[in-house]
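Please keep the sequence and the model in view while reading.

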Amino acid sequence: MTTDALYAPARSHVAPRNRARGKAGIRWNTAAGHVVMVVLSIICLFPVYWMIVSSFRPANAIFETTLWPSAASLDNYVHALKAIPIGTMLLNTFLVSAIVTVVQLFTGLLAAYAFARWRFPFDKAIYTLIALTWLVPFQVVMIPNYRLVADLGLLDSLAALILPHFAGALAVLMLAQAMRSFPTEVIEAARMDGAKSWRILWEVMAPNLRGTIASLAILLFISTWNEYFWPLLLSRTPESSVVQIGIQMFITSEGTAWGPLMAASTLASLPILLIYVVLQRQVIQSFMKSGIR
Amino acid sequence: MTDAALSQPLPARAVAVPSRRTNLRHLAPWLYLAPAAITLIIWIYWPLIDAFRLSFYEWNMLPTSPMRFVGWQNYANIFALPKFWQALSNTLVYVIGLLPLAVLIPLGIAIYTHDLPARSRNVYRAIIFMPMIIAPVVAAAIWRWLLDPGHGMVNEAISLFGYRPVRFLQDPKVAIWTIIGLTGWKLIGFSTLIFSAANANINPSLIEAARMDGASRWQIIRDIRLPLLRSTILFLTLMTILLGAQWSFSYVHVLTGGGPLGATTNIFYILWDFGFSTMSVGWSSAAAVILFLGFGAVAFILFRLMDRYSFHDN
């Protein structure tokens with residue numbers, strides 16, 4: 001599912017002034033609009049802010065409700081690092097997310113290229129079948145998947161977290177859509193020049209799809225980073241798991257050690273928040289282009 | 001590239017290459033398709049068939065224990081289970097509860113704030129999108145802290161106004177609404193942005209023309225904006241109906257475990273519960289089949305409706 005058709009870069013047209021109403025009316029409307037947005041912004045931002053602030057409060061001040069901590073300390077971080085191997089887990093999460101992103105882009109490009117370049121028997125049906133995987137809730141296939149991983153002897157391993165994500169409907173569909181709008185003349189010209197299909201894909205198509213690829217990469221990386229359900233089924237030991245499971249273990253083992261919990265949560269979100277700070281526009285766009293999943 | 005093609009002796013090419021080339025041509029798309037297709041078959045389509053098969057067996061997932069064929073027994077048991085019906089009706093509550101947060105309120109906000117200056121809009125945009133990229137588990141951890149009945153910030157604020165603290169996650173009457181609220185927290189900004197983008201896409205001359213004709217603000221919204229936003233509204237409604245209960249899984253799992261007294265369980269959680277807490281593969285698979293068929297039917301009907309009622313503005 002994509003919202004591609006729905007999305008358009010916010011057109012910066014200035015709303016035509018309402019002639020029936022005076023300037024005061026407009027100003028009042030704008031002010032009320034700001035109030036609505038500020039309230040929504042506070043609702044969205046405050047929990048994240050509170051997580052970071054709480055993570056720096058010393059243990060004896062954790063129940064303080066001042067917006068700005070009266071004293072800051074790193075004790076919570078020290079405690080969190082001692083309680084769970086958060087460094088290893090962050091590294092694991094990074095590895096899993098990076099590999100999934102690269103592999104899924106690769107298989108997605110290949111499959112999308114097959115659809116864009118050739119007509120072959122059942123091509124429409126296969127395309128539909130790929131799209132329909134979106135309709136299979138993960139909970140429905142989790143037991144057979146779990147058994148397969150167990151049979152392969154991959155329980156509690158990073159490989160098992162990566163394998164089912166070797167391909168994804170979203171990557172195939174988005175890339176196929178992008179390739180469809182690629183001018184066929186260019187491909188024809190390359191073929192006339194004797195380029196093989198493999199080279200056309202990597203030297204002609206892929207470079208021109210940079211925008212779509214980048215936006216997919218952001219999306220895949222963030223959603224893999226945040227994935228919870230599948231690691232939850234497989235993880236046994238913290239050392240071979242991802243950071244989301246670390247947070248969950250933390251909650252179950254020391255549920256009300258709020259400071260350290262907030263420190264661990266901050267560490268787990270830090271990479272994503274950094275990506276967001278740097279690539280804010282692109283991140284928002286890639287999520288909006290591809291729907292919610 | 002051209003040189004290589006030209007330097008080949010022409011006759012040889014005309015005779016030898018075609019058969020090899022047509023062969024390759026037939027195979028090529030399949031080779032390109034293979035990695036993705038094989039992955040999806042192994043991890044989605046085959047498991048789907050396997051789930052159907054397992055739903056007729058009794059088994060506890062231990063490799064050493066025997067699998068016993070029980071026919072439709074698992075289905076009969078599930079339909080006779082009050083917990084299943086509770087989960088099903090909760091799923092409905094989740095969806096209905098999420099619709100205002102994921103569709104109605106964002107729609108209202110997007111329309112109401114559409115003429116804010118672009119500069120401040122970009123700032124709001126960056127802020128309200130944030131919950132979307134926060135991991136559900138992290139969000140659950142934060143909200144657990146904020147909603148703590150003893151010292152949580154929210155209850156501190158409530159007690160400031162002289163009310164008694166609310167046991168957001170422990171009170172069976174409140175818990176499901178808390179989970180819905182948290183799921184909505186993650187989506188509300190995102191939905192607002194989707195509506196804002198669609199709203200900004202409406203041709204300003206349409207609005208201007210209506211204004212010239214003396215249409216009021218409300219008339220413009222009712223007769224121009226809402227009809228033009230219809231496909232976006234339908235799309236987000238569809239997503240919420242199909243995925244709403246699924247989005248709440250992490251919160252349910254981390255915060256309430258389906259409790260108190262099953263008050264926050266839903267059909268997705270119960271599947272996990274059957275499969276990995278009680279280890280009954282047959283029950284979980286039967287529930288999975290029921291869920292899949294139900295989900296598919298709902299999706300089918302919704303897509304049909306969307307096709308029929310969405311308005312194409314071109």
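## A buried asparagine in chain B

A residue counts as buried when its relative accessible area is under 20%. The model is predicted. N155(B) has a relative accessible area of 3%, so it is buried. Its place is in helix α7 of chain B, which spans residues 153–160.

## A buried loop residue

A135(B) belongs to the loop that lies between α5 (118–129) and α6 (136–146) of chain B. With a relative accessible area of 4%, this alanine is buried, because the cut-off is under 20%. Apart from neighbours within four places in sequence, A135(B) is in contact with N226(A) and Q244(A).

A37(B) is 98 residues from A135(B) in sequence, and the two C-alpha atoms are 29 Å apart in space.

## Overall make-up of chain A

Chain A has 13 helices and 0 strands. Of its 293 residues, 54% are buried. Among the contacts in chain A with a separation of 6 or more, 71% are between residues 24 or more positions apart.

## Helix packing in chain A

Two packed helices are described by the angle between their axes and the distance between the axes. In chain A, helix α2 (residues 75–83) packs against helix α13 (residues 258–289) at an angle of about 80 degrees, and the axes are 8 Å apart. Because of this angle, α2(A) is roughly perpendicular to α13(A). From α2(A), the residues in contact are N76(A), Y77(A), H79(A), A80(A) and L81(A). They meet G259(A), P260(A), A263(A), A264(A), T266(A) and L267(A) of α13(A). Sorted by class, this contact has 7 nonpolar, 4 polar and no charged residues.

A further pair is formed by helix α3 (residues 86–117) and helix α12 (residues 243–253) of chain A, with an angle of about 145 degrees and axes 8 Å apart. I86(A), M89(A), L90(A) and T93(A) of α3(A) make this contact with V243(A), I245(A) and G246(A) of α12(A). The classes here are 5 nonpolar, 2 polar and no charged residues.

## The largest nonpolar core

The largest nonpolar core holds 195 residues. Which of them touch the most other members? They are I247(A) and F287(A) in chain A, and F129(B), I133(B), L242(B) and W272(B) in chain B. Helix α13(A) gives the most to this core, with 14 residues. From chain A, the core draws at least three residues from each of domain 1 (23–73) and domain 2 (79–289).

The contacts of I247(A) involve both chains, not counting residues up to four places away in sequence. In chain A it touches L261(A), A264(A), S265(A) and A268(A), and in chain B it touches V137(B), V138(B) and A141(B). A264(A) also takes part in the contact of α13(A) with α2(A).

## Domains of chain A

Chain A is divided into domain 1, residues 23–73, and domain 2, residues 79–289. Their C-alpha centres lie 32 Å apart. The contact takes 6 residues from domain 1 of chain A and 7 residues from domain 2 of chain A.

Key. Residues numbered from 1 in each chain as written. Chains lettered and ligands numbered in written order. Predicted model: local features only at pLDDT ≥ 70, side-chain atom pairs only at ≥ 80, totals over all residues. Heavy atoms only, no water. Axes fitted to C-alpha atoms, helices over the stretch in contact; angles between N-to-C directions. Helix = DSSP H or I, 4+ residues; strand = E, 2+ residues; numbered from the N terminus. Parallel < 35°, antiparallel > 145°, perpendicular 65-115°, else oblique. Contact = heavy atoms within 4.5 Å. Nonpolar A, V, L, I, M, F, W, Y, C, P; charged D, E, K, R; others polar. Core = buried A, V, L, I, M, F, W, Y, C linked by side-chain atoms within 4.5 Å. Buried < 20%, exposed > 50% of the residue type's maximum accessible area, 1.4 Å probe, protein only. Domains from an automatic or database assignment.
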